Structures are given as C-alpha cells and as structure tokens.
Amino acid sequence: MIWDWGYAIEILPALLRGLLVTLLATLLGSLLAFTLGLVFAVVRRNRVPVLDPLVRAFVEFWRSTPLLVQAFLIFYVLPGYGITLSPLTAGVLALGLHYACYTSEVYRAGIDAVPRGQWEAATALSLPRSRVWLGVVLPQAVPRVLPALGNYVISMFKEVPLLLAIGVVEVVTVAQQLTAQSFSPVEPLTLAGLLFLLISYPASLAVRRLERRVGVV
Amino acid sequence: MIVFDGVEKRFGDNVVLSELDFTVRAGEHVTLIGPSGSGKTTILRLLMTLEKVNKGTIKVAGRYLSHMERRGKLVPADEKYSREVRKRIGMVFQQFNLFPNMTVRGNLIEGPTRVLGLSKDEANARAEDLLDLVGLRERIDEHPSRLSGGQQQRVAIARALAMRPDVLLLDEVTSALDPELVAGVLKLLRDIGESTDITILCVTHEMGFARDFSHRVMMFDGGRVIEDAPPDKLFTDPDHERTRSFLHAVLER
C-alpha cells in the first residue's frame with residue numbers, strides 16, 4: 001500500500017470539519033457531565049429524600065452498561081416516546097450522562113477531602129446550606145479534582161467516534177465515508193488517528209501540569 | 001443563659017455524658033477541665049449543635065436549643081430552628097478551621113453579610129475593628145495559609161466575635177499552637193473576657209489561664225461533673241480525690 005500525499009491533502013479539510021464536530025461533541029458532553037455530575041454528587045452527599053436513591057440507582061445502572069448501548073437507547077428508543085433528537089444532540093446526551101456517572105464520583109472524592117472542621121466552622125457561623133456549599137465546600141473541593149475531570153474530558157474525546165453508530169458526522173465517520181468512496185483506507189484513517197493524537201497528547205500534558213499545580217486529591 | 005437538664009449523649013454504646021444538669025449565668029466564664037474523653041468537648045459541640053442530645057434538653061437564653069416546641073410538645077429541633085438559636089453562639093476550634101479559600105477579610109465578613117444581613121461596608125468596618133483588637137489589621141487581605149498558627153487562631157477568634165455572639169465556646173484553642181504562640185492568644189482572650197459581657201465556656205489544659213480567667217471551674221470525669229467550684233477553691237482545696245489527682249498530674253508537667 002502506498003501513501004498518496006495528494007489524496008491526503010485533498011481529504012484533510014473534510015477530516016478537519018469532522019474533527020470540529022468531535023470537539024463540539026466533547027465540549028458539550030463535558031459541560032453536561034460536569035454539571036450533572038456535580039448535581040449528582042451534591043444530591044448524594046445531602047441525602048436528598050427521593051432523589052438520592054434515584055440518583056444512586058441511575059449511576060449504578062448507567063455505569064454498568066456500555067456507552068454504545070446508551071447512545072442507541074437515546075437515539076432509537078426515545079423517539080418511541082415522542083422524543084426525537086438529532087444525532088449530535090443524542091450523542092452529546094449519551095456522552096454527558098455516561099460521564100456524569102464518573103464525574104460524580106470524582107466530585108464526591110473532592111468533597112470528602114474537605115476537612116470536617118470546615119463544615120463545622122460553617123455551622124458555627126450559622127451559614128445557610130447553600131452558602132456552605134457555594135462559599136466553603138465547593139471552592140475547596142473543585143480545584144482539587146480539576147485534573148481528574150480533565151482526564152475524563154480526554155477520555156470522552158477519544159470515545160466520540162462511537163457515535164458514528166448513530167450517525168454523528170465526526171472525524172472517524174468522515175474517514176469511513178472517504179474510504180468507502182476511494183477504497184483507500186490508509187490516508188483517511190491514519191490522518192484521523194493523527195488528529196486525535198495531536199489533540200489528546202498535548203491535552204494530557206496540560207492535565208499533568210495542572211496536577212502538579214493543585215496537588216493530587 | 002445556658003441550662004442543661006438531664007442531658008445524655010451516647011456514641012453507640014459509649015455513654016459520653018449522663019444525667020448532666022448545670023446552669024451557666026449570663027456573662028459567666030466557665031472552664032471545663034478533666035481527662036480526655038470525659039465529655040468536655042462534647043458539651044461545647046452540643047451547644048454548637050454539631051452533635052445532638054440523646055436525652056434531656058438544652059436551653060440557651062430561655063429558648064430550647066436541642067428541641068423546639070410544636071403544638072405544645074417538645075420535638076427535636078430541625079435545621080431551620082437550630083440555625084436561628086445558634087446565631088447567638090460562636091465557637092473557636094482547636095484547629096482554627098478558617099476558610100482557606102477566602103482571605104482574612106472574607107472569613108470575617110462571611111457570617112455578618114450572609115447571616116446577619118449586614119452590608120459589605122458595615123461588615124468590613126466590623127472586620128477592621130476586630131482585626132485591630134487581635135492585632136492583625138495589616139494582614140486583612142492575606143489568605144490564612146500565610147499566617148502562623150497563633151495568627152490564624154486570633155483571626156478565628158475575631159471571626160467568631162464578628163457575629164456578636166452572646167455565648168462563646170472555646171474548644172482547646174491553644175492546644176494546636178507552638179508553645180511560644182500560646183501566650184498571645186491567651187492574653188487576647190483575657191482582654192475579651194474583661195472588655196465584653198459575653199458568656200464564655202472554655203475547654204482548656206492551660207490551668208493558669210483557667211484559674212485567672214474563669215468565675216467557675218467544672219471538673220469532669222466519666223461524663224459527669226464531679227466538682228463545680230470557683231477556681232480559687234477548686235485549684236487549691238478541691239473536695240474530690242479525683243480532682244486532686246487530675247490537677248496533680250497536669251500541674252506536674
């Protein structure tokens with residue numbers, strides 16, 4: 001098999017457009033996972049009635065099933081209940097929900113690492129519950145877990161190609177479509193792989209630097 | 001000001017306090033002494049609602065702290081009710097427990113602005129006055145981690161005072177400090193004791209301080225008050241052999 005530079009350069013723009021979709025899915029999925037994971041962690045820590053057992057059951061169930069199955073479920077089963085989503089929306093939802101189950105554990109570790117004395121001092125000042133969380137606990141817990149969250153973003157980024165199964169036109173989907181047209185898989189797939197490397201490697205270096213700065217949980 | 005009535009506190013099967021009755025008058029300085037595990041700190045933690053009583057009741061300034069009245073019956077206090085009553089109570093901890101994510105100023109204005117509803121300006125003025133009192137005015141915009149243990153504890157005292165409490169609980173506030181920093185904190189507490197009419201309950205191993213700071217000393221052992229007397233009496237001529245042996249052991253050091 002011969003590497004065709006001309007062909008490689010010709011398909012690069014299409015692959016880059018696919019990469020943008022991959023990045024977009026990662027960005028939105030991360031935002032969802034960060035927010036929802038935090039909500040899960042706070043609900044569990046506060047033992048909110050009704051919600052706490054629901055969240056626990058959901059996290060247990062969702063963590064024990066593959067992302068691909070979840071994506072199928074959201075994309076193919078929800079329309080049966082009147083909820084029709086575009087592939088990208090369904091994909092973001094799948095990624096966000098899946099990773100929220102992991103980020104909630106990360107937040108939990110960060111919250112547990114806040115010394116008990118901090119809660120007690122907040123009680124001694126009679127601070128309202130919301131202020132204890134927003135003013136005292138989370139500002140100490142979240143910075144400590146940023147590296148762990150960063151690692152999940154990288155891991156999510158590399159799982160976006162799974163969404164080709166529900167028709168999200170991300171970079172690997174593009175590479176596959178190109179392969180189907182040209183019968184030449186080497187250039188598109190190699191380039192797609194390289195694009196992933198080009199982003200995840202520097203990102204993991206950045207996370208490592210962050211780890212050194214904030215210290216490990 | 002403070003009334004304990006038949007208070008019992010257990011941790012599992014371990015009875016920490018049993019059948020405890022005592023009263024502290026407004027403005028009184030009471031020091032709790034006794035061997036570790038005798039329940040002194042638990043009393044402060046009950047008053048701060050960091051622990052709940054298993055039996056009996058606690059009243060502060062005429063209001064139930066541990067319980068609330070609902071349709072003529074006493075029921076365990078809920079979070080909202082206890083927050084209301086404990087606004088009158090402040091606590092200083094052995095480990096300072098300043099909020100590391102805030103500056104000294106942030107620590108001092110947090111309660112007054114968020115709980116007492118003071119404006120930022122009012123809270124700042126109060127914070128500055130208190131930092132003058134504890135001698136740390138120039139450190140107002142630093143983070144606690146930049147301060148020594150003694151300085152952090154003085155800020156923690158200022159933070160508790162910023163709430164203008166009627167009752168101040170001091171839980172072994174010098175135990176975590178380097179010996180050379182202890183004197184400064186104790187002097188500050190003496191000044192506060194003299195210049196305010198705050199009711200102060202204090203757990204300490206500093207017997208010299210207990211002696212000249214308190215109006216009353218309560219000796220604890222095995223979850224009970226075994227002796228309750230003015231310091232001059234208790235430190236020189238205790239009635240109980242247990243008190244004598246305890247004092248002997250601590251003063252021996």
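Reply: Between the two chains, 15 residues of chain A are in contact with 19 residues of chain B, where a contact requires that the C-beta atoms of two residues, placed from the backbone, lie within 7 Å. This is a predicted model, in which local features need pLDDT of at least 70 and side-chain atom pairs count only at pLDDT 80 or more, while totals for chains, interfaces and linings use all residues. Residues are numbered from 1 along each chain as its sequence is written, and chains are lettered from A and ligands numbered from 1 in the order in which they are written.

On the side of chain A that touches chain B, α5 (116–124) and α6 (129–159) of chain A each supply at least two residues, and the largest share, 6 residues, comes from α5(A). Helices here are DSSP runs of H or I with at least four residues, strands are runs of E with at least two, and both are numbered from the N terminus. By residue class, this side of chain A divides into 7 nonpolar, 6 polar and 2 charged residues; Ala, Val, Leu, Ile, Met, Phe, Trp, Tyr, Cys and Pro count as nonpolar, Asp, Glu, Lys and Arg as charged, and the others, Gly among them, as polar.

Of the contacts in chain B with a separation of 6 or more, 64% are between residues 24 or more positions apart.

Chain B also contains an open sheet of 6 strands in the order β8-β9-β10-β3-β11-β12, with mixed pairing, two strands being paired if DSSP finds at least two bridges between them. The edge strands of this sheet are β8 (89–92) and β12 (224–229) of chain B, each of which pairs on one side only. Within the sheet, strand β3 (residues 29–33) of chain B runs parallel to strand β11 (residues 216–221) of chain B, and 4 bridges join them; one of the residues involved is V30(B), whose bridge partner in β11(B) is R216(B).
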